[in-house]
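The following exercises ask the student to read a protein model step by step. Each task is followed by a worked solution.

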Amino acid sequence: MTVQVPMVLLVEDDHDAAQLFQALLLNEGFRVQVCHDAWQALEWWQTQRQSCDLVVLDMDLPGLDGFKLFERFKDDSASLPPAMMLSAHGDPALAERCKEAGVSIFLDKLNDFGSFIPTARMLLV
């Protein structure tokens, strides 16, 4: 019996943050595709979305923000994997905005850092 290792699409323009989140995910046994901007993520999505089990998006991306990128994913796919939006902005309205956009959960990068892996695992169940 082959165990399927979950694939995470991580879209984060800050290279240090991307390396940190990628290392956390790899340490937990996930496969990770890192994209540093929305255009790179859209290109990957066009060919690989069927292998994606979780999408992790930074809210502030160059070109398209995380919400607009998520909308493009929704427009391009009949079914989406769960999605987690990350931001370093402590705006309490962001959680509600994510919910309205269809994003599974919002995490504040600074205050919810310890919840990142448990939340990813919960979304993959």
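**Exercise 1. Find the salt bridge formed by Lys74, and state how its two partners are placed.**

Solution. Lys74 pairs with Glu71 in a salt bridge whose closest N and O atoms are 3.1 Å apart. The term requires a side-chain nitrogen of Lys or Arg within 4 Å of a carboxyl oxygen of Asp or Glu. Next, consider the positions: Lys74 and Glu71 are three residues apart in helix α3, and so are separated by about one helical turn. An α-helix has 3.6 residues a turn, so residues three or four places apart point the same way. Finally, consider accessibility: Lys74 is partly exposed at 29% relative accessibility, and Glu71 is partly exposed at 33%. Here buried means under 20% relative accessible area, exposed means over 50%, and partly exposed lies in between (1.4 Å probe, protein chains only).

Before continuing, note that this is a predicted model, in which local features need pLDDT of at least 70 and side-chain atom pairs count only at pLDDT 80 or more, while totals for chains, interfaces and linings use all residues. Residues are numbered from 1 along each chain as its sequence is written, and side-chain values use heavy atoms, with hydrogens and water left out.

**Exercise 2. State how confident the prediction is in the protein chain.**

Solution. The protein chain averages 92, and 98% of the residues score at least 70. Confidence is lowest in α4, at a mean of 91, and highest in strand β1 (residues 7–11), at 98. Helices (H or I, at least four residues) and strands (E, at least two) are DSSP runs, numbered from the N terminus.

**Exercise 3. How many salt bridges does a search of the whole structure find, and which parts of the chain does the pair of Arg121 and Glu28 tie together?**

Solution. The search of the whole structure finds five salt bridges. In one of them, the side chains of Arg121 and Glu28 meet at 3.0 Å, N to O. Arg121 belongs to helix α5 and Glu28 to the loop between α1 and β2 (31–35), so this pair ties together parts 93 residues apart in sequence. Arg121 is partly exposed, at 38% relative accessibility, and Glu28 is partly exposed as well, at 32%.

A further salt bridge joins the side chains of Asp76 and Arg49 (2.6 Å, N to O). This pair links distant parts of the chain, with Asp76 in helix α3 (residues 66–76) and Arg49 in the loop between α2 (38–48) and β3, 27 residues apart. Asp76 has a relative accessibility of 28% and counts as partly exposed; Arg49 is partly exposed at 26%.

**Exercise 4. Describe the surroundings of Asp58. Is Asp58 buried or exposed?**

Solution. First, locate the residue: Asp58 lies in strand β3 (residues 54–58). With 6% relative accessibility, Asp58 counts as buried. Second, list its contacts (heavy atoms within 4.5 Å). Leaving aside residues up to four places away in sequence, Asp58 touches several residues, among them Val11, Glu12, Met85 and Lys109.

**Exercise 5. Identify the rings that ring pairs link to Phe21.**

Solution. Rings of Phe, Tyr and Trp (its six-membered ring) pair if their centres lie within 6.5 Å; planes under 30 degrees apart count as stacked, over 60 as edge-to-face and the rest as tilted. A search of the whole structure finds three aromatic pairs. In one, Phe21 and Phe113 are tilted, 6.0 Å centre to centre with 50° between the planes. This pair links distant parts of the chain: Phe21 is in helix α1 (residues 15–27), and Phe113 is in the loop between β5 (105–108) and α5 (116–124), 92 residues apart. The rings of Phe21 and Phe116 have centres 4.6 Å apart and planes at 55°, so that pair is tilted. Phe21 is buried at 3%, Phe116 is buried at 1%, and Phe113 is partly exposed at 36%.

**Exercise 6. Where on helix α5 do its buried residues fall?**

Solution. The buried residues of α5 are Phe116, Ile117, Thr119, Ala120 and Leu123. Seen down the axis, they fall within an arc of 160°, so they line one face of the helix. The arc is that of the directions from the helix axis to the C-beta atoms. What covers these residues includes α1, β3, β4 (83–87) and β5.

Definitions and conventions. pLDDT is the predictor's confidence in each residue, from 0 to 100.
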